[in-house]
Amino acid sequence: MSKLNKSKGNMYSWVTHTWSPVIGCMHQCDYCYVKTYRDLPTIPFINGPFPSLGTGNTIFVGHMCDMFATNVEKIVIDSILKHCNNFTNTYVFQTKNPKRFLDFEFPTNSILGTTIETNRDDLVATFSKAPAPSERGKYIGKLYNHVETFVTIEPILDFDVDEFIQLMLIANPTFINIGADSKRHGLPEPSGEKIISFINSISPYIEIREKVNLTRLVGDSEIVRRYTTPL
């Protein structure tokens, strides 16, 4: 049986619980935190039966998979969303395939997000089978004015400042989470100066929320403290 668990570890501080009704992910990103402590099958399966989700919680649904990858059947996703509707909570859904968000009706109190590590599609393709960052930005942007959205830039990878700013403006999320590679996978990372320039440029338009692990790259920057909300 899948369980409703208290949020812990490197999860977002504004999330109170996690629930993984599906296990497995076809994207197989090299940096995936799930793969560091358990096998991650490419073919997803339902981790059921479904538990009570309680009330008044903020639940990250599907944190052990990408629930909206193309090989997760629509009937499976529909059953999960239907179960969520039986309880009064805030639900967080995050995917690297936000195009599929457009195919579903979500519970009223839902927050939809995507991961965009960099603007460089070719760089991401070297360690992930997920859709390109440019595609993710385009489709999460189509949800503007319909639901609260977010972009997670974690692990942040080397990027081009002007192009990355433009991609975030296309995505147009309610807020952005920024974090570094906690597990030190040897990924190409941007300089602290480049991150500070990005934050300084984008923060007048979009709320920035900084994860603690970002300080490894930017240090104790006054600009970062001024323009970001700690997660």
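Colleague: What should I know before reading any values?
Modeller: This is a predicted model, in which local features need pLDDT of at least 70 and side-chain atom pairs count only at pLDDT 80 or more, while totals for chains, interfaces and linings use all residues. Residues are numbered from 1 along each chain as its sequence is written, and side-chain values use heavy atoms, with hydrogens and water left out.

Colleague: Which residues touch the most other members in the largest nonpolar core?
Modeller: They are Phe93, Met168 and Phe198, out of 47 residues in that core, where a nonpolar core is a set of buried Ala, Val, Leu, Ile, Met, Phe, Trp, Tyr and Cys residues joined through side-chain atoms within 4.5 Å, and buried means under 20% relative accessible area with a 1.4 Å probe, protein chains only. Helix H4 (161-171) is one of the elements that each supply at least two residues of this core, and H4 gives the most, with 6 residues; helices here are DSSP runs of H or I with at least four residues, numbered from the N terminus.

Colleague: And what is Met168 in contact with?
Modeller: Leaving aside neighbours within four places in sequence, Met168 is in contact (heavy atoms within 4.5 Å) with Ile116, Val151, Ile153, Pro173, Ile176, Phe198, Ile202 and Ile206.

Colleague: Switching topic, how much of the chain is buried?
Modeller: Buried residues make up 55% of the 231 residues.

Colleague: What box do the C-alpha atoms fill?
Modeller: Taken along the principal axes, the box is roughly 50 × 35 × 30 Å.

Methods: Buried < 20%, exposed > 50% of the residue type's maximum accessible area, 1.4 Å probe, protein only.
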